[in-house]
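Please view the structure below alongside the text.

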Amino acid sequence: MDKFTGSNLRLRGYHSYDGGWHTHGFGAITVGMEMEVSAFRDSRETAIRALNAIGVREDYIFATTDGSLDDRGVEFVTHPMSLEYLEEKGFDNLKDIIASFVESGGSAETARVSCGCHHNYKAPIRGEEWNPALAAVFRYFDPVFQKFNGSVRGENYSRLPASANLYDACRSNGKYSYFNFRDNGIVEMRFPAMTLDFAKFKTQTTLCNNVVKFAIENKGRDIDVSEETFHTIFKPTSDDLEVLSRLGVDHRILSGKV
């Protein structure tokens, strides 16, 4: 666990980030996560005290309320991290944090409510330059990303586009799109479900990171995503493939044939 030096975590109101943002690391792409976790043992404070005990502070993560959770649920919101920082230190920090969630009795996939893990990206692409990422996610949503969802993770919160122009469709759906294009330039991926299985969490996040990189690599190109394979887009590692196999993803996708 990194040594964080900010104030102790406290439960804030819904999206109350009055302390401001502190970006960890340096890089062209940053990501911050909103992690919804339900049903902590005894109370929300159980989880917050446990995180404070292992050295997590408000310069790394906020603990907030969220109306979609039960009265013992917390939405934990990380500060932005560069992808380089995430790979070097962030995943280790998040592994300890998720282990603390488990030890505090939290639940996500098995919760009675729909727990999401929204990923908020800032990247050197804008507008329709995001279309390769959108097309890739929508192509593989049912056979891959849907596999991460718990039993109550429905789709009413985040609509699939009903138009061939994916960017315009997502913009018109606003917050209730799988990709929410914020006015401040942040793009929020709303489709990932929260999981307390760290291997699944890491794979899910890595796939999201890599699809952003894919869009950047193809910036300005007229690319047909249907001619790509899962491997050329998402570049899964052997660990990712092991997790996806465990989730029941079709072997043709895992072999890189489609």
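Helix H2 (residues 83-103) and helix H5 (residues 198-217) have axes that come within 11 Å and cross at roughly 155°. That makes H2 roughly antiparallel to H5. Angles under 35 degrees count as roughly parallel, over 145 as roughly antiparallel, 65 to 115 as roughly perpendicular and the rest as oblique. The axes are lines fitted to C-alpha atoms, for helices over the stretch in contact, with angles from 0 to 180 degrees between N-to-C directions. Helices (H or I, at least four residues) and strands (E, at least two) are DSSP runs, numbered from the N terminus.

The model is predicted: local features need pLDDT of at least 70, side-chain atom pairs count only at pLDDT 80 or more, and totals for chains, interfaces and linings use all residues. Residues are numbered from 1 along each chain as its sequence is written, and side-chain values use heavy atoms, leaving out hydrogens and water.

H2 passes H5 in a right-handed crossing. A crossing is right-handed if the near helix is turned clockwise from the far one by less than a right angle, and left-handed if anticlockwise. On the H2 side, the contact (heavy atoms within 4.5 Å) includes Leu-83, Leu-86, Phe-91 and Lys-95. H5 contributes residues including Phe-198, Phe-201, Lys-202 and Lys-213. By class, this contact has seven nonpolar, three polar and three charged residues. Here Ala, Val, Leu, Ile, Met, Phe, Trp, Tyr, Cys and Pro count as nonpolar, Asp, Glu, Lys and Arg as charged, and the others, Gly among them, as polar.

H5 also packs against H3, at an angle of about 135° with the axes 7 Å apart. That makes H3 oblique to H5. This crossing, too, is right-handed. Pro-132, Ala-133, Ala-136 and Val-137 in H3 meet Val-211, Phe-214 and Ala-215 in H5. The contact has seven nonpolar, no polar and no charged residues.

What does helix H3 (residues 131-140) do with helix H4 (residues 166-173)? They pack at an angle of about 80°, with their axes 9 Å apart. H3 and H4 are therefore roughly perpendicular to each other. Asn-131, Leu-134, Ala-135 and Phe-138 of H3 touch Leu-166, Tyr-167 and Cys-170 of H4. Six of these residues are nonpolar, one is polar and none is charged.

Phe-138 also belongs to an aromatic cluster, whose members include Tyr-140, Phe-141, Phe-145 and Tyr-178. The whole structure holds 22 aromatic pairs. Rings of Phe, Tyr and Trp (its six-membered ring) pair if their centres lie within 6.5 Å; planes under 30 degrees apart count as stacked, over 60 as edge-to-face and the rest as tilted. The rings of Tyr-17 and Phe-62 have centres 5.4 Å apart and planes at 20°, so the pair is stacked. Tyr-17 lies in the loop between strand E1 (11-12) and strand E2 (30-37), and Phe-62 in strand E3 (residues 61-64), so the pair ties together parts 45 residues apart in sequence. Phe-62 counts as buried, at 1% relative accessibility. Buried means under 20% relative accessible area, exposed over 50%, partly exposed in between (1.4 Å probe, protein chains only).

Most residues other than glycine have a negative phi. Two exceptions are tabulated here.
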